[in-house]
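Please walk me through this protein, starting with its overall fold and ending with a few single residues.

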Amino acid sequence: MTPTIHLEKHRSKTRKEIVTDPEEDWFLYVRTIEKSSGNIKHSSMIIRKDLPTWLRSLEGDGWIIKDHEEIPGKSPETL
């Protein structure tokens, strides 16, 4: 899996990545990763149609989208 969306939060010891499942592109994984070690602390599987809701929630919690690659089936304007 390659990262598609990277999120960071000021002073957080973790970062978040949202990646596409290579076998089922309508599933996405939201991963919380330790910045220092690169270890995955938590992973959630979501369905693609829930991505806007997840992004709004994460942004409401202070997470900022740093960069993203195009997610198949989504235009960058909808992220």
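**Overall fold**

Of the contacts in the protein between residues at least 6 apart in sequence, 36% join residues at least 24 apart. Contact here means heavy atoms within 4.5 Å. The model is predicted; local features need pLDDT of at least 70, side-chain atom pairs count only at pLDDT 80 or more, and totals for chains, interfaces and linings use all residues. Residues are numbered from 1 along each chain as its sequence is written, and side-chain values use heavy atoms, with hydrogens and water left out.

The protein has 1 helix and 5 strands. Read from the N terminus, the elements run β-β-β-β-α-β. Helices (H or I, at least four residues) and strands (E, at least two) are DSSP runs, numbered from the N terminus.

The protein has 79 residues, and 32% of them count as buried. Buried means under 20% relative accessible area, exposed means over 50%, and partly exposed lies in between (1.4 Å probe, protein chains only). The accessible surface comes to about 5,200 Å². Carbon and sulfur atoms hold 48% of that surface. Accessible areas come from the Shrake-Rupley method with a 1.4 Å probe; for residues, only the protein chains shown count as cover.

**The core**

Which residues make up the largest nonpolar core? There are 10 in all: Ile5, Leu7, Ile18, Leu28, Val30, Ile46, Leu51, Leu55, Leu58 and Trp63. A nonpolar core is a set of buried Ala, Val, Leu, Ile, Met, Phe, Trp, Tyr and Cys residues joined through side-chain atoms within 4.5 Å. Three elements each supply at least two residues of this core: β1 (3–8), β3 (27–34) and α1 (51–60). The largest share, 3 residues, comes from α1.

Take Leu28 from this core. Leu28 sits in strand β3. It counts as buried because its relative accessibility is 0%. Leaving aside neighbours within four places in sequence, Leu28 is in contact with Ile18, Val19, Thr20, Ser44, Met45, Ile46, Arg48 and Leu51. Thr4 is 24 residues away from Leu28 in sequence, and their C-alpha atoms are 9.6 Å apart.

Ile46 is another core member. Its contacts, again leaving aside neighbours within four places in sequence, are Trp26, Phe27, Leu28, Val30, Leu51 and Trp54.

**An aromatic pair**

How many aromatic pairs does a search of the whole structure find? It finds 1. Trp26 and Phe27 form this pair, and it is stacked: 4.4 Å centre to centre, with 25° between the planes. Rings of Phe, Tyr and Trp (its six-membered ring) pair if their centres lie within 6.5 Å; planes under 30 degrees apart count as stacked, over 60 as edge-to-face and the rest as tilted. Trp26 counts as partly exposed because its relative accessibility is 46%.

**Charge and polar contacts**

Side chains of opposite charge can pair when their charged atoms come close. The structure holds 1 salt bridge. In it, the side chains of Arg15 and Glu17 meet at 2.5 Å, N to O. A salt bridge is a side-chain nitrogen of Lys or Arg within 4 Å of a carboxyl oxygen of Asp or Glu.

Are the two partners buried or exposed? Arg15 is partly exposed, because its relative accessible area is 25%. Glu17 counts as buried, because its relative accessibility is 8%.

Arg15 lies in strand β2 (residues 14–20). Not counting residues up to four places away in sequence, Arg15 touches Leu7, Glu8, Arg31, Thr32, Ile33, Lys35 and Trp63. Lys35 is 20 residues from Arg15 along the chain, and their C-alpha atoms are separated by 6.4 Å.

Thr32, one of the residues touched by Arg15, lies in strand β3. Thr32 counts as buried because its relative accessibility is 12%. Its side chain makes a polar contact with the side chain of Lys16 (2.7 Å). A polar contact is a pair of N or O atoms within 3.5 Å; within protein, one must be able to donate a hydrogen and the other to accept it, and residues adjacent in sequence count only if both atoms are side-chain atoms.

**A loop residue**

Most residues other than glycine have a negative phi. Phi of Arg11 is near 65°, a positive value. Arg11 lies in the loop between β1 and β2. Arg11 counts as exposed because its relative accessibility is 77%.
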